[in-house]
Amino acid sequence: MLQSLLAFWKQDENTAPNFSAWKTTPPRAAQTHPFPTDLPAPLRETLSTRNIHQLYSHQLSAWMNSRAGKNIILATGTASGKTLAYNLPVLAEMIHNPEARALYLFPTKALAQDQQSNLQFFQSKIANLKSSIYDGDTPQSSRPSIRKNARIVLSNPDMLHTGILPHHSNWSDFFSNLKFIVIDEAHTYRGVFGSHVANVIRRLRRVAEFYGAHPQFILASATIGNPKDLAEKLIEEQVELIDNDGSSRGERHFIIYNPPVTDHSLGLRKSSLLESVRLANDLLTHNIQSVVFARTRRSVEIILTYLQDSLPKSNGFGEGRGGVRGYRSGYLPHQRREIEQGLRDGSVKTVVATNALELGIDIGGLGAAILVGYPGTIASARQQSGRAGRGDDPAVSVLVASPNPLDQFLAHHPEYFFGSSPEQALLNPNHLLILLEHLRCAMFELPFKKGDGFGSISDELLDEYLEFLVANQDAHFSNEKYFWMKDSYPAANISLRSASAQSIVLQTVTEDGRPWAVGTVDGESAAWMVHPGAIYMHEGQQYFVQELNLEHQLAQLIPVGLDYYTEAQQRSEIEVLSTNEQSAINGGEKAYGEIQVTTQVVGFRKIRWFTYENLGEETLDMPPSELQTTGYWLSLSEATVSHLRDAGVWSNSPNDYGPDWARIRERVRARDQYQCQVCGVTENGRQHDVHHKVPFRAFVRGGALDRDQANRLENLTTLCPACHKKVEQNVRIRSGLAGLGFVLGNLAPLFLMCDPRDLGIHTDPAWSAVNGQPSVVLYDHVPAGIGFSQKLFEIHDELIQRAYELVSECECEDGCPSCVGPGGENGIGGKVETLEILKELL
């Protein structure tokens, strides 16, 4: 089936010319070994009933290293049998020692559910093997029995942090006999979240030692650049890396597909969403089970609607459309389980998902994966494409490039994608503010004796921190011990993920008048997803939002069938609340302090399905969401800007189109009959924009701007605001200031040992907070901040020096994702301008 589809794509004139890269990896035979002689008989029998008679080489390595008492991390491909590799040593210990206990940690509740069903295969063969999930959904009535009887407890770091460690005395039998700790999907523990989890593991080891236990660790991770380093940072012990993936693999095709250009003069391409729908339909026609990964929840619902609408009407709603499902956050747990089961049993042919399906939930191997837009990292792209492939069967993954400059760069330079190693997962457990929070929790759990350790922190430093807690009246020192003094238990006020907004329940009314929950959205997303008047989509069904009550955390919806969807319009502003420190630097000023990032949904557009016609805009008066955090900023001085402008390397000043611009603009709009030349919509209340086909700033000749050439009528066209925005993205001239923001934002996480998503980036050519000076702001994406801004202020000189080296040594001509960001497929990058700004700042 797959081979005939690939042959069709290679011949099809609508498809073949748009492949910018096609990489085929030949099939790989399995490297297998007989069961080890010390594998207990009950495990052999259970594996045989599942038709497993040998182990892959990495599974055997995991067995031998675990049996030798070593901590291990498994870093092999998706669907390579990592679960069996960590289950076997744990279950062997359970058989050998009837008192033994194990703790399995997963980043999400869904994964714990999934792995619990895996363990149930073995329960009939192993006497007294009771495994139980212990998380926020576990009924209070079941908890005492789980604490007493469960030999394998499946949980998550959040529950360990708030529900298990602070109450360890209720778990004394469990901790006394704890032999193994399994940490699955270890690559998710990076950045702020990972730094918190590393401290939770320090507390876990401390409690286990109190009960006389010294458990072994088994970690499993997707493909990242530094699995051993990450594991050793998380558990602070030696770890053996096992990456000799012995699983078999069929032929794999990875294709980069760049939608065709529809307007050469404007550089507009066909929609990546619609092209993905067309390719997904080809997969459906050839009966190939597939997953379509979209970047956002809204994209999932739009693609789902297009796909379901394209199915033959004769199939009816049940069978035909039931074979195409959505999967994302906001779906209720029972809906997700139903979809996962449908993928396993084949009743679901196509699933449209966000990266919620990236993690290792067992959905079997699929025949194909379509990635709608580059997911942001090489590691994520590999995770998503790894969902395609069932054993030795061939599989295909297609990355459909969006108009985004990064996607277009990859479509034109596929070697960058295929040649790059996956990103490193970074964390910093000794970050002062995170560390102090967990020292408070650890002291609540057990007093600190003089000489007690806490992870890799030196004794002198630990004493200093504990004395700080005494001075702060959190702790009391007596008889060579530090005791927790306060009534409250500290873990309750510390979120490991740092932003646990309340969920909004989405409610509609059934035909017989009963309220029915459609799903949920997180509090942060509610304002733009379910504002009054929004069209909310769930599994392809449209709902009109009548009311959003943030106080009662409830949105009232009614099912509808309209010819449009909505797109929220947001506005962000950054205000400086207080400046902690500032100082003059070459070319300007640097500072850090408390800032407020205000984001407000100010209105929404109604956009017609398929044609993307703008049917009108409505204003909204939604309460703004405010993030109070810390930020670091650098601002360029007036003298620096003047110097750059005189040198012809400053494109951030507003365009001066000349004294005749109003007359020229009117002539162009009249010539085009006041209609958008892309989508055909006529002006209604608001004048359309007039756009330069070749960018206005491209007409600099010898340092001077040639306005007459730029403003020739044949270089001008009329566009509605929506089409103008799309075109601008494609032919954007990237300014030096934007390039500076891009390179600093990408370099900073390396110095901070954090995840790029922990930082926000804001560039403003005339930031009012600093008297209208051009500025770049980097801020902590966490309420109250966790100290990144001060560190950036301190390492400013090194950051600028490294940025200059990175940009000047990059081999690209005019900017790329490796340095200042690309300018757009037909645009002009900001490399020259960024280099000149960096020279001023050095």
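**Cysteines and a helix pair**

C723 has a relative accessibility of 7%, under the 20% cut-off, and therefore counts as buried. The model is a predicted one, and the points below are grouped by topic.

**Cysteines**

- A disulfide is a covalent bond between the sulfur atoms of two cysteines.
- With the requirement that the two cysteine sulfur atoms lie within 2.5 Å, the count of disulfides comes to zero.
- C720 takes part in no disulfide, and the cysteine sulfur nearest to that of C720 belongs to C723, at 3.6 Å.
- For C723, likewise in no disulfide, the nearest cysteine sulfur is that of C720, 3.6 Å away.
- C720 counts as buried because its relative accessibility is 3%, where the cut-off for burial is under 20%.

**Packing of helix 11 and helix 12**

- Two packed helices are described by the angle between their axes and the distance between the axes.
- Helix 11, spanning residues 272–285, and helix 12, spanning residues 297–310, have axes that come within 10 Å and cross at roughly 45 degrees.
- That angle makes helix 11 oblique to helix 12, and the crossing of the two helices is right-handed.
- On the side of helix 11, the contact is made by L273, L274, V277, A280, N281 and L284, which meet I302, I303, Y306, L307 and S310 in helix 12.
- By residue class, the contact of helix 11 with helix 12 comprises nine nonpolar residues, two polar residues and no charged ones.

Definitions and conventions:
Residues are numbered from 1 along each chain as its sequence is written. This is a predicted model: local features need pLDDT of at least 70, side-chain atom pairs count only at pLDDT 80 or more; totals for chains, interfaces and linings use all residues. Side-chain values use heavy atoms; hydrogens and water are left out. Axes are lines fitted to C-alpha atoms, for helices over the stretch in contact, and angles run from 0 to 180 degrees between N-to-C directions. Helices (H or I, at least four residues) and strands (E, at least two) are DSSP runs, numbered from the N terminus. Angles under 35 degrees count as roughly parallel, over 145 as roughly antiparallel, 65 to 115 as roughly perpendicular and the rest as oblique. A crossing is left-handed if the near helix is turned anticlockwise from the far one by less than a right angle, and right-handed if clockwise. Contact means heavy atoms within 4.5 Å. Ala, Val, Leu, Ile, Met, Phe, Trp, Tyr, Cys and Pro count as nonpolar, Asp, Glu, Lys and Arg as charged, and the others, Gly among them, as polar. Buried means under 20% relative accessible area, exposed over 50%, partly exposed in between (1.4 Å probe, protein chains only).
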